[in-house]
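Have the viewer open alongside as you read.

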Amino acid sequence: MKVTRAESPFLPFHQRLLPSPLAGLSMALLKATALELAILAGHLLLYPSGIVQERRAAPVPPPSDAPQLPTEAKPPVVLLHGLVDNRSVFFFLRRNLAQYGRRHIESLNYSPLTRDIRAAAEVLGRHIEEICERTGREQVDIVGHSLGGLIARYYVQCLGGDLRVRTVVTLGTPHAGTRVLPLMNAHPIVRQMRPGSEVIEQLRKPAPGCRTQFVSFWSDLDGLMDPLETAAIDHPDLLAQSVQVSGIGHLALPVHPAVAAGIRQALDIEQTEARPTADTGGLTVA
């Protein structure tokens, strides 16, 4: 008998059942799902610590014996969470940004009872005006996760916030709307995040002269984005860049250290006249 093909008994079970590309995707999805569950468990523990709005304070100066880093030119960073969440989701990102020189970081908790993205954007605007007045700075940067990124974009694009916001970084934000979780349509904000909603259509309108730069991070395993590319900004009038992240899900975007490094880089990008709307890079974290 002539043996033309032998399957190793040590070949992983999933590879014997699935074609190679599907097996690779399956393992990546399993790893991402396991990480999402671990992050969810940790976040549930941290969640109570973020329920109360944080106390507003002036930036803390570095110790006198600390090396002087060139951080004076960096504006304050405002962190904006997603739906049914609070500022605790940024626990690790906040520490990461502070470790690398950001001296003024603030989080805004908007009410879980918020029913309108436009109203939340107005609250964000008042918050940013207060920060600028308190710190003497002309502009801030914003990092928004999921719905938080959509609120930030609405403020900048539709309420004149481009005067106050230098850079908006969005993480898993449905810029063109998402079709997942149809059973949650009873919530008015969820309806506003659907493709074709009044809010999404307003964001599709021309925005000539918008001065804010945008960097959107979107993941190829984000289970809350349908289609996945909705988390990438595609607008001809915006100074926008999109970064595809491979190997993690929705909850990991504001937590993973590799994404944090990408966020730091995005916040340090100098504005240019170029306005790319296609993906300008990729980030593999798993």
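This is a predicted model: local features need pLDDT of at least 70, side-chain atom pairs count only at pLDDT 80 or more; totals for chains, interfaces and linings use all residues.

**Notes on the model**

1. Let's start with a residue out in the open: Val84 is exposed, with a relative accessible area of 61%. Where to look: Val84 sits in the loop between strand 1 and helix 3.

2. Leu181 is another one for the backbone list. Its phi is positive, near 50 degrees, and Leu181 is a residue other than glycine. You'll find Leu181 in the loop between strand 4 and helix 6 (188-192). With a relative accessible area of 45%, Leu181 is partly exposed, because the partly exposed class lies between the buried limit of 20% and the exposed limit of 50%.

3. While you're checking torsions, have a look at the peptide bond between Asp226 and Pro227. That bond is cis, with omega about 5 degrees. Pro227 belongs to the loop between strand 5 (213-219) and strand 6.

4. Now the strands. Strand 1 covers residues 77-80, with Val77 and Leu79 pointing one way and Val78 and Leu80 the other way. Are these four side-chain positions buried or exposed? All of them are buried.

5. Which strands does strand 1 pair with? One is strand 2 (residues 105-108), which runs parallel to strand 1 and is joined to it by four bridges. Here Val77 stands opposite Ile105. The chain gets from strand 1 to strand 2 by way of helix 3 (residues 91-99), and this β-α-β crossover is right-handed. Strand 3 (residues 140-145) also pairs with strand 1, again in the parallel sense over four bridges. In that pairing, Val77 stands opposite Asp141.

6. At 0% relative accessibility, Asp141 counts as buried. Arg166 forms a salt bridge with Asp141, and their closest N and O atoms are 2.8 Å apart. Arg166 lies in strand 4 (residues 165-171) and Asp141 in strand 3, so this contact ties together parts that are 25 residues apart in sequence. Like Asp141, Arg166 is buried.

7. Arg102 comes at Asp141 as well, in a salt bridge whose closest N and O atoms are 3.4 Å apart. Why does this pair bridge separate parts of the chain? Arg102 lies in the loop between helix 3 and strand 2 while Asp141 is in strand 3, so the link joins parts 39 residues apart in sequence. Arg102 is buried, with a relative accessible area of 6%.

8. Arg102 has a further salt-bridge partner in Asp268, at 3.6 Å from N to O. Asp268 lies in the loop between helix 8 (257-267) and strand 7 (279-284), so this pair ties together parts that are 166 residues apart in sequence. Asp268 counts as partly exposed, at 40% relative accessibility. Through shared partners, salt bridges join Arg102, Asp141, Arg166 and Asp268 into one network. For the overall tally, the structure holds 12 salt bridges.

9. Gly160 follows helix 5 and has a positive phi, near 75 degrees.

10. For a patch on the surface, go to Leu37, Leu40 and Leu44. These three are nonpolar and together have about 300 Å² of accessible area. Leu37 is in helix 2 (residues 20-46), and at 56% relative accessibility Leu37 counts as exposed.

11. Last stop, strand 6 (residues 239-246), where Leu239 is found. Leu239 counts as buried, at 8% relative accessibility. Leu239 and Val215 are 24 residues apart in sequence, with their C-alpha atoms 8.6 Å apart in space.

Methods:
Residues are numbered from 1 along each chain as its sequence is written. Side-chain values use heavy atoms; hydrogens and water are left out. Buried means under 20% relative accessible area, exposed over 50%, partly exposed in between (1.4 Å probe, protein chains only). Helices (H or I, at least four residues) and strands (E, at least two) are DSSP runs, numbered from the N terminus. Two strands pair if DSSP finds at least two bridges between them. A crossover is right-handed if, with the strands pointing away from the viewer, the path from the first strand over the helix to the second runs clockwise. Patches are made of residues with over 30% relative accessible area and no salt bridge: like charges are joined within 9 Å, nonpolar side chains (Val, Leu, Ile, Met, Phe, Trp, Tyr) within 5 Å. Accessible areas come from the Shrake-Rupley method with a 1.4 Å probe; for residues, only the protein chains shown count as cover. A salt bridge is a side-chain nitrogen of Lys or Arg within 4 Å of a carboxyl oxygen of Asp or Glu.
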